[in-house]
Amino acid sequence: MARHLLSAADLTRDEVLEILRTAASMHDVQRREVKKLPALRGRTVINLFFEDSTRTRSSFEIAGKWMSADTINITGKGSSASKGESLRDTVLTITAMAVDALVIRHSASGACHQVAEWVDASVINAGDGTHEHPTQALLDAYTMTQRLGDLEGRRVVIVGDLTHSRVFRSNVLLLKTLGADVTVVAPPTLMPSGAGPWSRQDGFALEQDLDDALFGGPPPDVVMMLRVQRERMSGGYFPTAREYTVGYGLTRPRLDRLRAANDDVLVMHPGPMNRGLEISAEAADSLNSVILDQVSAGVAVRMAVLYHLLVGTDGGSIEEGSA
Amino acid sequence: MSDLVITGARILGEAAADVLVRDGEIAQVSEQPGAIEIPVDAEVIDADGLALLPGFVDLHTHLREPGREDTETVASGSAAAAAGGFTAVLAMANTNPVTDTGEAAVHILELGRRAGLVEVQPVGAVTKGLRGEELAELGLMARSKAGVRVFSDDGRCIGDARVMRRALEYIRGFGGVISQHSQEPHLADGSACCHEGELSGRLGLPGWPSPAESSIIARDAMLAQHTGSRVHVAHVSTAEGVEVIRWAKARGIALTAEVTPHHLALDVSRVTGYDPTFKVNPPLRPQEDIMALREALADGTIDAVATDHAPHARHDKEHAFVDAAFGMLGLETAFSVVHDVMVRSGRMSLADLSTRMSSAPARIAGLTGHGRSVEVGAPANLVLVDTAAQVVVDKNASHSLSRNNPWHGSTFTGAVHTTVLRGRLTARDGRALVPEPAVGGGWAAEAQP
């Protein structure tokens, strides 16, 4: 496996499956009374978060700790540019402290790719701007495979603000690797530029009408709703929250219709949710919802990612720790 | 100053001739080998195999002085210009303080004279502080010793149509021209940093759509027609922008345009790895745009090549892509890139290149001493080029104080051999001949390698 995890496209199908298998055994560890594994003993993992995050940061922190790594969180709001220090100087200052892995969240797309050029440590992208969030896609894939098994040919519909969504970008890449049949849905103003040629090249479908996407063909196995930020309204992307919900929300009537077609349909959301905007309370709390499973999978998947990047697959048994 | 004799140079790449330069002017031109009697103390350049052209004129250079002397000075930028075959550069107004008064313009002019390597002609700001609101002292800049004729808020588009209209009306009286950074600010969000298209969609980077450029060119063309004043389109970068320029010219509107070497040669795919070396404004575009720009430069729709030489400190480029500074170096590499892409490829002749890099920009800027034919009586602002020489660009060999060079490691065919400013050699073999002693206000020394 490569030294860094910057994009969901960095992983081959075998590597994804290996991570998901490791994540499954980590998930078992999570259910034990003593959760600590020695695998990353003596390793230092720094969570460098330039942008607010609760769930991703705490999930990486717990993952590192359960693997016995020394985990340190560094948070800083705003771009380093606004403080007068270059991003390169900021990360070199931190990696000068003999760091094995840098987990980076940054508000700027591509920041993790740039950092990976400058440092010796492994870089894990924990969300870069509106670009990618590969560990989210892995935990989504993990959640799906737990319920559905092999994703080959499974129908996944992703709905929401695609332009500004790193979850969408990583998911569409990872699901392609896993052979799923993906349709993405957004109002025309929130469809990324060049989505037409992109989707043709990468083999996913574009849809502007949610009902066509959900009910126009074979019933979906998974419906993934993306967060829509209310400030997009002032950007002129859509007129009102009400209009958005009518067009693109997973409302109760849509949920009912979905379940009528496929009683086992999975409802997913990367959080945080805007209940009543992109997802109704009924959908979020239904038996079809695996939203909390996604959160729970987050720790196991991040443990697996840390293990594969820092120890590798030939580093001995996970339970015994690294060489 | 001793006489200079250039022997055997092919003028505009055509017939070989000997040229005698005396007192800063061309005194004799002869196609008869040996017909010119070489004065005893003359400096003689054997230019056998070289082409002789009028010195290049750059309509668009950022020299960063005053304000960011750590990244470029008038002296270091002049050295880079001379090494690149330029005899005149127009220094953009976005310094700190901004060149928006007569005094500021004269200051730039004098810094250029002190450096003594290239004629540095200041560009005046159109609006005070480049804020796009109130007119700068256009008339006082024009009347000053600097005689400013080109005005620009470059780096920012004059988005307010009313301000643009008034400025055009005002400068018409003294034959000025506005060089517009054509980019409708409302068509992109403030963090736009690359071309809007499939790649920006994949990379999650906010982009500028092509109509941000073409719509402003169209608006300005109509304002130029209405006011009877002149608009110059700075660094056109899109096929649709070219289309509007072609249309406006066909209507007889007084519109001219320039293109940069990087927009002729580098495409949007360069930003795939988020390397801010390739972050530039306007952004690098797709291949279709590049091909349209080349065609338009060849057929004359685009009048001139201009570098948009934009030096930046390394630490201003080592931010996340959206936060990094815009711009790239260009003075030293312009001829090699344009020669390789346009002449060697057969799109145009060396004489056409000379028109686009010398006479057309000199005419647009009103610089009567530059871009003249190689003939008796013309000021000896000249460049000798070797059209067969291979150049491998080494960013560390630059005269610029900055290193944001997108061409590092690239190979081009065509090199600047010698530059002559008013009869005096200012560069040889890609190295500027910095006058002794350092006269650039203490900064000139830093321009040396």
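This text walks through a predicted model of two chains, from overall build to single residues.

Start with chain A. Chain A holds 13 helices and nine strands. Its C-alpha trace spans about 55 × 45 × 35 Å along the principal axes. For 323 residues, a compact globule would come out near 20 Å, and chain A has 20 Å, so the value agrees with the rule.

Chain A divides into domains. Domain 1 covers 8-133 + 297-320, and domain 2 covers 135-294. The centres of the two domains of chain A, taken over C-alpha atoms, are separated by 26 Å. Their contact takes 22 residues from domain 1 of chain A and 22 residues from domain 2 of chain A. On the domain 1 side, H1, strand S4 (122-128) and helix H13 (291-310) of chain A each supply at least two residues. The make-up of that side of domain 1 of chain A is eleven nonpolar, six polar and five charged residues.

One residue is worth a stop. Arg3(A) sits in the segment before helix H1 (13-30) of chain A. For a sense of distance, take Val167(A), 164 residues from Arg3(A) along the chain. The C-alpha atoms of Arg3(A) and Val167(A) are separated by 22 Å.

Now turn to chain B. Chain B has twelve helices and 19 strands. Its radius of gyration is 21 Å, close to the 22 Å that the globule rule gives for 449 residues, so chain B is as compact as a globular protein of that length. The C-alpha trace of chain B spans about 65 × 45 × 45 Å along its principal axes. Buried residues make up 60% of the 449 residues in chain B. Of the contacts in chain B between residues at least 6 apart in sequence, 75% join residues at least 24 apart.

Chain B is also assigned two domains. Domain 1 takes 4-52 + 378-389 + 408-447, and domain 2 takes 55-365. Over C-alpha atoms, 27 Å separate the centres of the two domains of chain B. Domain 1 of chain B puts 30 residues into the contact, and domain 2 of chain B puts in 28 residues. Which elements give two or more residues to the domain 1 side? They are S16, strand S17 (411-421), strand S18 (424-428) and strand S19 (431-432) of chain B. S17(B) gives the most, with eight residues. By type, this side of domain 1 of chain B divides into 18 nonpolar, ten polar and two charged residues.

S16(B) also takes part in strand pairing. Strand S5 (residues 51-54) of chain B pairs with strand S16 (residues 382-392) of chain B in the antiparallel sense, over four bridges. S5(B) pairs as well with strand S1 (residues 4-11) of chain B, here in the parallel sense over two bridges. Arg10(B) stands opposite Ala51(B), and in S16(B) the bridge partner of Ala51(B) is Val385(B).

Last comes the contact between the chains. It takes 24 residues from chain A and 20 residues from chain B. On the chain A side, helix H3 (80-83), helix H4 (87-95), helix H5 (111-118), helix H7 (166-177) and helix H8 (195-202) each supply at least two residues. The chain A side divides into eight nonpolar, 13 polar and three charged residues.

Methods
Residues are numbered from 1 along each chain as its sequence is written. Chains are lettered from A and ligands numbered from 1 in the order in which they are written. This is a predicted model: local features need pLDDT of at least 70, side-chain atom pairs count only at pLDDT 80 or more; totals for chains, interfaces and linings use all residues. Two residues are in contact if their C-beta atoms, placed from the backbone, lie within 7 Å. Ala, Val, Leu, Ile, Met, Phe, Trp, Tyr, Cys and Pro count as nonpolar, Asp, Glu, Lys and Arg as charged, and the others, Gly among them, as polar. Two strands pair if DSSP finds at least two bridges between them. Domain bounds come from an automatic or database domain assignment. The radius of gyration is taken over C-alpha atoms; the globule rule is 2.2 Å times the number of residues to the power 0.38. A residue is buried if 20 or more other C-beta atoms lie within 10 Å of its own, exposed if 12 or fewer, and partly exposed in between; C-beta atoms are placed from the backbone.
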